[in-house]
Amino acid sequence: MENKEEIKLLKGNEAIAHAAIRYGVDGYFGYPITPQSEVLETLEALMPWETTGMVVLQAESEVAAINMVYGGASSGKAVMTSSSSPGVSLKQEGISYIAAGELPALIVNVMRGGPGLGTIQPSQADYFQAVKGGGHGDYHLIVLAPASVQEMADFVGLGFDLAFKYRTPAMILADGVIGQMMEKVVLPPARPRRTDEEIVALCPWAARGKFGRKQRNVSTTLELDPQAMEKNNIRLQETYRRIEAGEVRFEEYMTEDADYLIVAFGCMARICRKAIEDARACGLKVGLLRPITLWPFPTEAIKALSGQVRGILVAELNAGQMIDDVRLAVEGRTPVCHFGRTGGIVPNPQEVLNALCKDFNVEMEDAK
Amino acid sequence: MTKEEIIAAGGTKVAAKPRLLMDVNMHYCPGCSHGVVHKILAEVIDELGLEDSAIGVAPVGCAVFAYNYIDVDWVEAAHGRAPAVATGLARLNPDATVFTYQGDGDLAAIGTCETIHACNRGENIAIIFINNGIYGMTGGQMAPTTLEGMKTSTTPYGRRVDLNGYPLKITDLVKELDGTCYVTREAVHTPAAVRKAKAAIRQALMNARDKKGTSFVEIVSTCNSGWKMSPDKANKWMEENMFEKYPLGELKNTVNPK
């Protein structure tokens with residue numbers, strides 16, 4: 001591994017593995033599931049324990065993997081796991097504990113179609129699960145939605161930085177397209193893992209053995225006194241308000257003069273960019289807003305654009321999930337319609353455009 | 001005479017509260033085995049000089065608050081997940097001595113998968129397993145180790161194997177796994193048994209410290225509240241019934257073979 005920037009042709013899943021080692025991640029715990037098994041496979045092949053000392057372990061289940069993450073995170077280490085939809089359902093108990101314990105961790109979900117065992121083809125149907133809670137209790141994850149292999153790599157570092165800054169778990173919510181497709185990716189220079197001294201300084205709360213510390217550290221999520229438990233909840237909510245105020249990320253594409261807006265994330269945003277180019281070639285001014293953070297959601301940006309456009313199409317690989325958050329942002333100022341495919345079907349740009357024309361009764365003779 | 005008066009009169013202190021046992025009221029019922037096991041665990045951690053390096057993993061069950069009683073770093077796990085949490089801690093903190101403290105429902109029902117696989121990987125951890133044949137905290141329901149015919153709130157007419165299956169001898173099971181280096185079954189119902197149990201916990205923590213593999217110490221215990229018996233009668237009932245199914249003694253020791 002090079003101590004400088006490196007350009008490679010990688011699958012999105014492979015990029016996650018390379019980026020994790022280069023970020024200085026302390027531990028990865030995973031379990032095979034399509035379409036994300038390349039994360040674990042790549043890590044095992046790269047043998048980072050020989051170079052950075054990073055721990056890589058194939059757990060007996062997704063449940064065990066997330067609880068290994070909980071243990072590692074409790075000791076102040078930078079730890080992560082990855083899975084795909086059915087596996088991420090199994091992790092929800094552990095994710096709730098990590099959020100409640102105010103612990104930093106990174107969880108990657110390379111979504112496949114559901115519900116149930118579903119399909120191994122791409123999907124975005126876990127939006128609700130990732131953004132609205134997933135596990136039990138009042139908590140949020142910082143949810144990053146990559147739309148390229150480059151962002152798969154970049155969001156490993158960003159996810160950990162945010163997780164440690166706010167002491168809360170972050171999730172990379174990718175889809176099977178982004179996980180499996182290959183693109184050129186610029187990998188950042190490698191940096192060493194944090195030293196024990198750095199962990200003690202950064203995470204004075206870490207339960208890693210007292211080693212001379214006077215006060216012991218206990219990582220727990222249990223509090224039977226209702227007054228104290230409500231205080232814990234209020235503290236969590238205060239953290240979430242700070243994240244909402246400071247960490248909203250999104251990308252706009254051709255929105256300045258747009259008469260219609262498409263809101264899409266992940267691979268659907270890539271498809272919609274092409275649809276917008278095709279629409280503009282036919283004289284129809286369409287723009288794109290791509291949420292990069294699904295939570296916190298770019299509510300204000302969508303609200304601002306909702307006064308400008310004649311209609312908003314929310315395009316997702318699901319039956320209509322993010323559209324709820326778009327509607328809450330728009331508050332009825334302009335019509336909001338949905339285009340979605342499910343079951344692992346990835347639409348082409350023409351389908352998106354046809355939906356837009358039909359929903360908003362737009363004539364576009366040349367758009368074929 | 002008060003303690004102070006006895007000491008002032010030249011009395012010799014022969015026993016004391018372990019230094020690492022915290023000065024708080026325990027929530028355990030009088031007569032319960034947890035108190036004794038906590039005491040010897042706190043003593044062993046201190047005697048081995050592990051106060052700084054020990055990380056305990058608490059279960060869900062009566063011992064959920066174990067972290068309130070022993071003055072070391074702790075992580076409180078989800079129900080049954082302690083061996084996975086301990087795996088993460090031990091793998092990422094090789095200088096630490098990691099142990100779990102779990103009851104029978106936690107370890108042998110909901111956490112069976114994590115227990116078996118942590119033991120099979122030979123994680124460098126010590127597992128202390130309290131087997132009292134019942135769910136204490138939730139009010140006395142059937143545990144995987146509940147004896148045949150034993151009455152609990154979910155087997156009010158006694159455990160029937162045709163309905164509920166057989167008592168699970170999970171300690172015999174983990175003995176067979178190549179990852180375990182030390183497997184023993186103890187009790188704390190007599191001073192002699194307490195001494196043996198303490199030696200077992202000492203051996204287990206030393207093995208975890210020295211990275212010898214997984215150590216597994218079952219403590220056959222009483223739950224006099226759940227069993228609806230006096231502490232004295234519970235001890236007697238345990239000797240007469242539990243020890244038949246769960247006989248005491250060392251099952252495996254590859255570190256110090258006899």
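Me: What is the order of the strands in the open sheet of seven strands in chain A?

Reply: The model is a predicted one. In it, the order is β3-β2-β4-β5-β7-β6-β13 of chain A, and the pairing is mixed. From one strand to the next the twist averages 20°.

Me: What makes β3 and β13 of chain A the edge strands?

Reply: Each of them pairs on one side only. β3(A) covers residues 55–58 and β13(A) covers 293–295.

Me: How do you know that β6 and β7 of chain A pair?

Reply: Pairing needs at least two bridges between the strands. Strand β6(A), residues 142–144, and strand β7(A), residues 169–175, have three bridges, in the parallel sense. Therefore they count as a pair. Within β7(A), I172(A) is the residue opposite L144(A).

Me: Which helix lies across β5, β6 and β7 of chain A?

Reply: Helix α6(A), residues 149–166, lies across these strands. Its direction is at about 160° to β7(A).

Me: Which residues of α2(B) and α8(B) meet?

Reply: From α2(B) they are V36(B), I40(B), L41(B), E43(B), V44(B) and I45(B). These meet V194(B), A197(B), K198(B), I201(B), R202(B) and L205(B) of α8(B). By class, the contact has nine nonpolar residues, no polar ones and three charged ones.

Me: How is the packing of α10(A) and α13(A) described?

Reply: Helix α10(A), residues 266–281, and helix α13(A), residues 349–359, cross at roughly 65°, and their axes come within 8 Å. This crossing is right-handed. On the α10(A) side, the contact is made by I271(A), C272(A), K274(A), A275(A), D278(A) and A279(A). P349(A), V352(A) and L353(A) make it on the α13(A) side. Seven of the contact residues are nonpolar and two are charged, with no polar ones.

Me: How do you know that the radius of gyration of chain A agrees with that of a compact globule?

Reply: For 368 residues, a compact globule would have a radius of gyration near 21 Å. Chain A has 21 Å, so the value agrees. The C-alpha trace of chain A spans about 75 × 50 × 35 Å along its principal axes. Chain A has 13 helices and 15 strands.

Me: How many residues of chain B are in contact with chain A?

Reply: 30 residues of chain B are in contact with 34 residues of chain A. Elements of chain B that give two or more residues to this side are β1 (54–58), β2 (73–76), α3 (82–92) and α5 (112–121). The largest share, eight residues, comes from α3(B). The chain B side divides into 16 nonpolar, five polar and nine charged residues.

How values were computed. Residues numbered from 1 in each chain as written. Chains lettered and ligands numbered in written order. Predicted model: local features only at pLDDT ≥ 70, side-chain atom pairs only at ≥ 80, totals over all residues. Helix = DSSP H or I, 4+ residues; strand = E, 2+ residues; numbered from the N terminus. Axes fitted to C-alpha atoms, helices over the stretch in contact; angles between N-to-C directions. Contact = placed C-beta atoms within 7 Å. Nonpolar A, V, L, I, M, F, W, Y, C, P; charged D, E, K, R; others polar. Rg over C-alpha atoms; globule rule 2.2 N^0.38 Å. Left-handed = near helix turned anticlockwise from the far one by under 90°.
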